[in-house]
Amino acid sequence: RLVRSGTNAEPRWSPKGGKLAYVRLKGRTGGGTLVLRLPSGKSRTLATDGVTQLAWSPDGRRIAYTRTVDSNKDGRLDPGRDWSQVHVIALPSGGDRKIAPGYDPSWSPSGKALLLSSMGQLARGIRMRNELRLYSPTGRLVRVVARTSDVPDDLRPYGTPFRASTLLLRYGAISPDGKTVAFSAFGGTGVLCTIPVTGGKVQVQDTIVESDFGPITWRPRGQVIAYDVPTPSGADEVVVLDVATGNRHTLGGPRAASYRQPAWSPDGRLLAVVREGRGGTSLVALTASGRQTRVLATGAVAYPAWGTVGR
């Protein structure tokens, strides 16, 4: 069912279903207007200009979003390169509150805290030395969860002879039990890490040479994550990793189709991914072990997001 034509991105269902938030893109900048579509079919504009990311609070009463300014004047809005600010909008009033400079907003399961990547320092046109910070929904800094210096630089104990040389922390996501944060560390070698939400020692879960890991999503139950692996060959993979045991499944890759943008179903039984191969691009549903259950859509598909509508 077509909900909205035109150039749109980042569709996200409200936790209880019915409401749909998305970004109506402005040209090819990568940002635009934050729109809320109501169950009646009517739409409300919540924020204009430069919206690049959004995340619903678990109770569905607030939306965190990133507003980005083209500070490097390249015509594109990139939260990790340009100046960004995280806001929270209260529903249904529409009250807008600035939280802090940063991007990649992610709510805690309780909805009492918001995790984001800070802006860090700007050196030679590159953002670096940032932090993962936890804020209250009112904008009070609760704690710094991780710094770039917390990521181990010597990766030989983890099976690679290269150094991490970490510059930036991105895509922080809090586990369903609220105890662990998974995140990507960008640098000379990409590192996928976990750390207690209260801070502590960083645990290296995965490494990738000449690339960086993409967004991370936790399975609704347990200690399992799925994440994007943009390989140097161009054939993207999705890895499903059990953080507790270290067991993993790799979906896609050079000898198969390219898989990206994993999204867990609300019950955690299935994973929707965008699959690209010889037969074109499609949206498919998989089990956690990688067995395909069905093709959901074909064509220029992107940004899968599960909802509870029709349950």
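**View 1. Thr-194 sits in strand β16.** Strands here are DSSP runs of E with at least two residues, numbered from the N terminus. This is a predicted model, with local features needing pLDDT of at least 70 and side-chain atom pairs counting only at pLDDT 80 or more, while totals for chains, interfaces and linings use all residues. Residues are numbered from 1 along each chain as its sequence is written, and side-chain values use heavy atoms, with hydrogens and water left out. Thr-194 is tucked away: its relative accessible area is 4%, so it is buried (buried is under 20% relative accessible area, exposed over 50%, and partly exposed in between, with a 1.4 Å probe and protein chains only). Its side chain meets that of Gln-205 in a polar contact of 2.9 Å. A polar contact is a pair of N or O atoms within 3.5 Å; within protein, one must be able to donate a hydrogen and the other to accept it, and residues adjacent in sequence count only if both atoms are side-chain atoms. Setting aside neighbours within four places in sequence, the contacts of Thr-194 (heavy atoms within 4.5 Å) include Val-181, Lys-201, Gln-203 and Val-243.

**View 2. The largest nonpolar core has 20 residues.** A nonpolar core means buried Ala, Val, Leu, Ile, Met, Phe, Trp, Tyr and Cys residues joined through side-chain atoms within 4.5 Å. Look for Leu-132, Val-181, Phe-183 and Val-191, which touch the most other members. Leaving out neighbours within four places in sequence, Val-181 is in contact with Leu-115, Leu-132, Val-145, Cys-193 and Trp-218, among others. In soluble globular proteins, nonpolar side chains tend to be buried together.

**View 3. Asp-104 and Arg-170 meet in a salt bridge.** The N to O distance between their side chains is 2.8 Å; a salt bridge is a side-chain nitrogen of Lys or Arg within 4 Å of a carboxyl oxygen of Asp or Glu. Asp-104 belongs to strand β8 (residues 103-107) and Arg-170 to strand β14, so this pair ties together parts that are 66 residues apart in sequence. Both Asp-104 and Arg-170 are buried. A search of the whole structure turns up 11 salt bridges.

**View 4. Glu-131, Arg-133 and Arg-147 are linked in a network of salt bridges.** Glu-131 pairs with Arg-133 at 2.8 Å, N to O. Glu-131 also bridges to Arg-147, where the closest N and O atoms are 3.3 Å apart. Glu-131 has 15% relative accessibility, so it counts as buried. Arg-133 is partly exposed at 24%, and Arg-147 is partly exposed at 39%.

**View 5. Strands β6 and β7 form a hairpin.** Strand β6 (residues 83-90) and strand β7 (residues 96-101) run antiparallel and are joined by five bridges; strands pair if DSSP finds at least two bridges between them. Ile-89 has Asp-96 as its bridge partner in β7. Five residues lie between the strands, and Gly-94 takes a positive phi near 85° in this hairpin.

**View 6. Zooming out, the protein has zero helices and 25 strands.** Its C-alpha trace spans about 55 × 45 × 40 Å along the principal axes. Buried residues make up 48% of the 311 residues.

Note on methods:
Helix = DSSP H or I, 4+ residues; strand = E, 2+ residues; numbered from the N terminus.
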